[in-house]
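This report covers selected residues, a helix pair and ring contacts in one model. The sequence and structure come first, and the notes follow.

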Amino acid sequence: MGEMRQKLGVMSQTICPSLQAPSEEDLKAPKGEKMQLKREISLMNGICLIVGNMIGSGIFVSPKGVLMHSASYGLSLVIWALGGIFSVFGALCYAELGTTITKSGASYAYILESFGGFLAFIRLWTSILLIEPASQAVISLTFANYLVEAFYPTCQPPYDAVRLIAAACLCMLIFINCAYVKWGTLVQDLFTYTKLMALFLIIIVGIMKIFNGETKNFDNPFEGSSTEPGAISLALYSALFSYSGWDTLNFVTEEIQNPERNLPLAIAISMPIVTIIYLLTNVAYYVVLDMPSLLASDAVAVTFGNAVLGPFKWIIPISVAMSCYGGLNASVIAASRLFFVGAREGHLPNSLSLIHAERYTPIPALLFNGLMGLIFLCVEDVFQLINYFSFSYWLYVGLSVAGLIYLRFTQPDRHRPVKLTLFFPFIYCLCSLFLVIVPLYGDTINSLIGIGIALSGVPVYYVTIYLPEDRRPKFISTLNAFATKYTQILCYCCLTELDVVAETRADGKTQ
């Protein structure tokens, strides 16, 4: 792989005038700057990325999972609070990991650093083959469904219309993020503010109802609470799934301005915001809707809006659609950086580690991400695919946090701008184990299919990475070089240089 990258570096100099031709100022990289992703994500951008990805469509559409298993308003709110506290534990661990291992890629980069290439490749393989494209297809379809719902109030919208709108939504976001990083963060900021305003509207209506004395649903808040450990476990699992997404900013660590300060600060600000909003939104739902109505609803926020907003009830479906759009944008940003870092580490074709010579955006990785999403939009029952990887998110996050513990013992003197007591990662690892076991027990067949998909990466890893380059099939290196050459030509991209300043400083501290 080293020889291949040297050859591609020479090829890059030939194809990209920005790396030579000093007389052609319009084609040359700015003087003194490296060919790498630029640090353009501010603290506010980071907060909007985390909040925007955590608050997807779930709190609008299906917060009833917690209530269904807990069987009372009081216990469900306790479980929402516990889910928030648990997520804070995980986010704090990622604050340490993100400032210790200063590469983008989140759990992939942390597993690679801690446990080596094999486990990191399996995590990457699962993301490419299933997790990222399936989740993006589902989010874009949810967006399209809510967008066209107003035009088909009494029947199901046309299948083709929904799929085409979902595809257009995905393509638009790919274009925006290919153009400029700032365009992508601007979209994220705007749609995060929009969804927060919609949730504030729901919360304000709920508070007004409470002040008016409409609190009969809270007369006996814990009456009928479930006492079965299995049901409470499923309720907690539902709550934690709604909190997922707090690791989004760790996918773009190399693009954060002053990451040692802004990464942990963005996490510290975002987590309480989301937890409080989730709790207050559920209180508003519980004040307005009785339990049978809430459990019978397929879209709780829409039912809420129909009950209290009158002629302005259209605000909620539009807000859900915009929430999905913002969540999809955050997913596109995170997934493209995951593929970019995977290619740079030699686990994916080199063409995916290229960035535009002038805009400094990972265009090939973004286009690949968009193509995979469009392919999954052609799958009729794409929602079923989500069930195959419900356990893997917690498995890989848990492995990352276990890596934090492992590095504490193997590299005790490593530079750590944020250093937690080991209580937090130990508790999080134990809870992650629980979150992996729950879907394996409750949805065994789908979970086993997901494991099978992950293990399909083993022979791929053996042939394309583990074997020495001279023993690999010749067509692999030929295709890799061909794809890289023509990707550079078509997309005006160059190979990147890894920013090793932080790594050098870390080495110095260790020595």
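C178 is placed in helix α8, which spans residues 159-179. The model is predicted. C178 has a relative accessibility of 9%, so the residue counts as buried, the cut-off being under 20%. Between C178 and I355 there are 177 residues along the chain, while their C-alpha atoms are separated by 9.6 Å.

## Packing of α7 and α14

Two packed helices are described by the angle between their axes and the distance between the axes. For helix α7 (residues 117-148) and helix α14 (residues 315-344), the axes come within 9 Å and cross at roughly 160°. Because angles over 145 degrees count as roughly antiparallel, α7 is roughly antiparallel to α14. The crossing of α7 and α14 is left-handed. In the contact of α7 with α14, the residues divide into 16 nonpolar, seven polar and two charged.

Y325 is a residue of helix α14. Its relative accessibility is 11%, so Y325 counts as buried. The C-alpha atoms of Y325 and I489 are separated by 32 Å, and the two residues are 164 residues apart along the chain.

## Aromatic pairs

The structure holds 25 aromatic pairs. A pair of aromatic rings is described by the distance of the centres and the angle of the planes. For F86 and Y428 the ring centres are 4.5 Å apart and the planes stand at 10°, so this pair is stacked; the cut-off for stacking is an angle under 30 degrees. F86 belongs to helix α5 (residues 73-100) and Y428 to helix α18 (residues 423-442), so the pair ties together parts that are 342 residues apart in sequence. Both F86 and Y428 are buried.

Another pair is formed by F121 and W125, with ring centres 6.0 Å apart and planes at 25°, so F121 and W125 are also stacked. Both residues lie in helix α7, four residues apart, which is about one turn of the helix. F121 has a relative accessibility of 3% and therefore counts as buried.

Which residues are linked into a cluster by ring pairs? The members are F86, Y94, Y110, W246 and Y428.

Y360 lies in the loop between β1 (354-356) and α15 (363-377). With a relative accessible area of 7%, Y360 is buried. Over the ring of Y360 sits the charged end of K38, 4.3 Å from the ring centre.

Most residues other than glycine have a negative phi. Phi of Y360 is near 60°, a positive value in a residue other than glycine.

Where is Y492 placed? Y492 is in the loop between α21 (474-491) and β2 (493-495). Phi of Y492 is near 55°, again a positive value in a residue other than glycine.

How values were computed
Residues are numbered from 1 along each chain as its sequence is written. This is a predicted model: local features need pLDDT of at least 70, side-chain atom pairs count only at pLDDT 80 or more; totals for chains, interfaces and linings use all residues. Side-chain values use heavy atoms; hydrogens and water are left out. Axes are lines fitted to C-alpha atoms, for helices over the stretch in contact, and angles run from 0 to 180 degrees between N-to-C directions. Helices (H or I, at least four residues) and strands (E, at least two) are DSSP runs, numbered from the N terminus. Angles under 35 degrees count as roughly parallel, over 145 as roughly antiparallel, 65 to 115 as roughly perpendicular and the rest as oblique. A crossing is left-handed if the near helix is turned anticlockwise from the far one by less than a right angle, and right-handed if clockwise. Ala, Val, Leu, Ile, Met, Phe, Trp, Tyr, Cys and Pro count as nonpolar, Asp, Glu, Lys and Arg as charged, and the others, Gly among them, as polar. Rings of Phe, Tyr and Trp (its six-membered ring) pair if their centres lie within 6.5 Å; planes under 30 degrees apart count as stacked, over 60 as edge-to-face and the rest as tilted. Buried means under 20% relative accessible area, exposed over 50%, partly exposed in between (1.4 Å probe, protein chains only). A charge sits over a ring if NZ of Lys or CZ of Arg is within 6 Å of the ring centre and within 35 degrees of the ring normal.
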